[in-house]
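Take a look at the structure below.

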Amino acid sequence: MTDSMSDTLNNEIIVPTMAQMAAEGKQPDILFWVGCAGSFDERAQKITRDICKILQHVGISFAVLGTEESCTGDPAKRAGNEFLFQMQAMANIQVLDGYNIKKIVTGCPHCFNTIANEYPGLGGNYEVVHHSQLIQQLINEGNLKAEGGESFKGRRITFHDPCYLGRGNNVYEAPRAALEVLDADLVEMKRCKSNGLCCGAGGAQMFKEPEPGKKDINMERMNDVLEANAQVVASGCPFCMTMLSDGVKHTEKEQEIQVLDIAEITVRANGL
Amino acid sequence: MIGQVIFIIILLGAAYLFGKNVAKIRRNILLGRPVNRSDNPGERWRTMARVALGQSKMVRRPIAGVLHILVYAGFVIINIEVLEILIDGIFGSHRIFAAPLGSLYGLLIGGFEVLALLVLLSCVVFLIRRNIIRLKRFSGREMTAWPKSDANYILIIEILLMTAFLTMNAADYKLQVLHFGHYIKAGNFPVSTFLAPLLSAKAGTLVIIERSCWWFHIIGILAFLNYLPYSKHFHILLAFPNTYYSKLEPKGQFSNMSSVTNEVKAMLDPAFVPPAADISRFGAKDVTDLTWKNLMDAYTCTECGRCTSVCPANITGKLLSPRKIMMDTRDRLTEVGNNLDKNGKDHTDDKSLLDNYITREELWACTTCNACVQACPVNIDPLNIIMQMRQYVVMEESQAPSSLNNMFGNMENNGAPWKYSQADRFNWNK
C-alpha cells in the first residue's frame with residue numbers, strides 16, 4: 001500500500017505482467033484485461049493507464065498479460081467468423097488458465113461480455129467485471145471517493161450506455177454510481193439505459209465503412225448529446241469513445257463538450 | 001332445431017379448418033434446426049407471465065400500451081360471453097348462464113359491455129393512428145399493400161364484432177322490457193341502453209336484429225379465427241409460447257457454434273476425435289438453416305415496427321429493418337411450406353432467404369446493439385437471424401466485406417483487429 005501510494009504521488013504507474021508475477025511466485029488479486037483498443041488506440045491507452053492508476057491508488061494487487069494478451073475474438077464473432085473467434089478464445093483461455101486466473105477486470109464492454117458470457121461455454125470460467133463495476137464497488141466500500149482533484153460540481157454530465165454493458169448485460173447503475181459521487185448535474189439523454197442509442201461501432205462496424213444511408217450513427221447520437229446540453233459525455237467503452245469524439249469533432253463542439261471515460265473522470269476527480 | 005344443426009356444422013367446419021392451418025404452421029416451424037429451450041421452466045413461465053400475460057414490454061410506449069391492454073383484456077374477457085354463445089348455439093338455449101349465475105350474470109354482461117365499448121374506441125384510435133396521423137412506425141419499405149390492409153382488416157373486424165355484440169344486447173334488452181317470448185330479464189346493459197332508442201319498437205323487427213347480430217357475432221368470430229393463420233394477428237396465440245421459449249441468457253451473449261468448437265478442438269489437439277456431426281452448413285442461407293425458435297419468432301411477429309423504430313441503422317437511413325428480417329423469414333417459410341405441400345419433401349425452388357429476400361447490404365448494416373431485441377413486446381430476436389446469415393456469408397462463402405477480411409487477417413496474424421504487432425501490445429506502459 002505505501003509503495004503504491006508513493007508511486008501514485010510520483011504520478012508513476014507500475015504495471016506488472018503475469019509473466020513477471022509468476023516468475024516471482026506471486027499471484028495478483030485481479031487480472032486487468034486491457035483489450036486491443038486499450039493497448040493500441042492512443043486515446044484508449046490513456047484510459048488504460050487511468051484504470052491502472054485507480055487500481056494502484058486503492059492498493060489492489062493486479063497484473064496484465066502484456067504481449068501475451070490477444071483479441072478476445074469479439075469482432076470476429078459479431079462479423080460471422082465463428083472459427084476465428086473460437087481459435088482466439090481457446091488460445092486466450094489456455095493463457096488465462098495457465099496463470100490460474102480467477103478474477104478479471106476489463107476496460108472494454110466487448111471484452112467483458114465475451115469473456116464473461118461466451119468463454120464459459122468453451123471452458124473458460126472467470127469472475128469478470130467491467131471497470132465501471134469495479135469503480136462502483138470501490139466507492140461503495142469507501143475505498144474510492146471524489147476528492148483531491150478536479151471538481152465536477154455543477155457540471156452537466158450525461159452517460160452514454162455502451163450496448164454491450166447496458167442492454168447486453170443489464171449494467172446500467174454501476175457507471176452512473178461513479179458519476180453520482182461527483183456532485184455534478186447528471187442529466188439523461190432522450191435515449192438512455194435500455195433504450196440507449198448505439199454509437200455505431202458495434203457488430204464489427206468499427207472495422208468497416210458504414211452501409212449507404214442518410215447519416216452516420218454517431219452523428220444521430222450527437223443530436224441526443226446536444227439536446228441534453230451536456231458539457232461532459234461519459235462512457236465506458238473505447239469504441240464509443242472514438243465514435244463520440246468523432247461526433248463532437250464533426251459538430252465542432254470540442255470547446256464545449258468533453259468525451260471522457262468513467263475511469264478518466266474518476267482519476268481526475270481524485271487527482272491521481 | 002335447424003338453427004342448431006347449421007350452427008354445429010359451421011362450428012365444426014371452422015374448428016377443422018383452423019386446426020388444419022395451425023398444424024401446417026407448426027409443421028413449418030419444426031422445419032427449423034433444433035435448439036434447446038426447455039431448461040429452467042420456472043424462469044420461462046415467469047417470463048411468459050410477465051411479458052405475454054402481463055404485457056410488461058407493451059407499456060414502454062404508454063399510449064399504444066394502454067390501448068393495447070384494453071383490446072387484449074377485452075378480447076380475453078369477452079370470450080367468456082362467447083362460451084355462452086357456443087352453448088346456446090349448440091343446445092338452442094338463450095342466455096343459459098343467466099339463471100345459474102343470478103345477479104353475477106348482470107354484473108358480467110355489464111362488464112363485457114363496458115369492455116366492448118373500450119375495445120371499439122381503442123380500435124378506432126388505432127385506425128386513426130395508422131391511416132390519418134400515419135405514424136412513421138407503421139410505414140417503411142416492408143410495409144407494402146398487404147401488411148397495411150391486414151392491419152386495417154383486423155381493426156375493422158374487431159369494430160364490427162363489438163358493434164354486433166352491443167346491438168344484439170340492445171335488441172335483447174328491448175325485448176326483455178317488452179316481456180317478449182323467451183327473452184327473460186337477464187343482464188345489465190350500461191352501454192347498449194344508449195343504443196336501444198335507435199332500434200325499432202316492433203318486437204318482430206327486434207327479434208330479427210337480435211338474431212342477425214347473434215349469428216353475425218359468432219360467425220364473425222369463427223371467421224376471424226380462421227383469418228389468424230394468414231395474418232400477422234396470429235401473435236395473439238403465439239405470443240405465449242414465444243415468450244416461454246425466450247432466450248434467458250444475457251442479450252450480449254451469442255451462442256457458440258458447437259460444430260465449430262469440435263473442429264477447433266481437433267485442430268488444437270490432434271488426439272481429439274470430434275463426435276460425428278450432421279453435415280449441415282455453417283450459418284443460415286435459407287429458413288430451414290435457422291432454428292425453430294427463429295421460425296416461431298417469424299410467425300409471432302405482428303409487424304408493430306418497434307424494433308425498426310429503434311434500430312440505429314434504420315434510423316440513419318440504411319436498408320436494414322429488423323421488422324423486414326422477420327417478415328421475410330415468415331414469407332419465405334410460408335413459401336417453403338407451400339412448395340412442400342405441392343411438390344413433396346425433396347423439392348427445391350432455387351430460391352433462398354439470403355439474396356432472394358434479405359440482401360447482404362441489410363445484414364452488414366447491423367451493429368448488433370440489441371435495441372430491436374429489447375424493443376420487441378413478445379421477445380422476438382431478429383439479431384439472431386442476422387448473425388446466422390452473416391456466419392453463412394463468411395464461413396461458407398468467404399464473402400465478407402474486404403475491410404472485414406483485413407480485420408480477420410490482422411487478428412489471425414497479430415492477435416488484434418488492427419495492423420499492429422503483437423510485440424507492441426504493451427507499449428502503452430512505456
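**A helix and its surroundings**

In α6(A), the buried residues are A:Glu82, A:Leu84, A:Phe85, A:Gln86, A:Gln88, A:Ala89, A:Met90, A:Asn92, A:Ile93 and A:Leu96. Buried means under 20% relative accessible area, exposed over 50%, and partly exposed in between (1.4 Å probe, protein chains only). This is a predicted model, where local features need pLDDT of at least 70, side-chain atom pairs count only at pLDDT 80 or more, and totals for chains, interfaces and linings use all residues. Residues are numbered from 1 along each chain as its sequence is written, chains are lettered from A and ligands numbered from 1 in the order in which they are written, and side-chain values use heavy atoms, without hydrogens and water.

Helix α6 covers residues 82–98 of chain A. Helices are DSSP runs (H or I, at least four residues), numbered from the N terminus. Just after α6(A), A:Asn100 has a positive phi of about 60 degrees.

Now the cores. A nonpolar core is a set of buried Ala, Val, Leu, Ile, Met, Phe, Trp, Tyr and Cys residues joined through side-chain atoms within 4.5 Å. The largest has 155 residues. A:Phe32, A:Ile104, B:Leu404 and B:Phe408 have the most contacts inside it. Helix α17 of chain B (residues 382–396) gives this core its largest share, nine residues. A second, separate core has 37 residues, including B:Ile85 and B:Cys213.

Finally, a residue on chain B. B:Phe75 lies in helix α3 (residues 62–91) of chain B. Is B:Phe75 partly exposed or buried? B:Phe75 counts as partly exposed because its relative accessibility is 35%.

Technical notes:
Helices (H or I, at least four residues) and strands (E, at least two) are DSSP runs, numbered from the N terminus. The expected span of a helix is 1.5 Å times one less than its number of residues.
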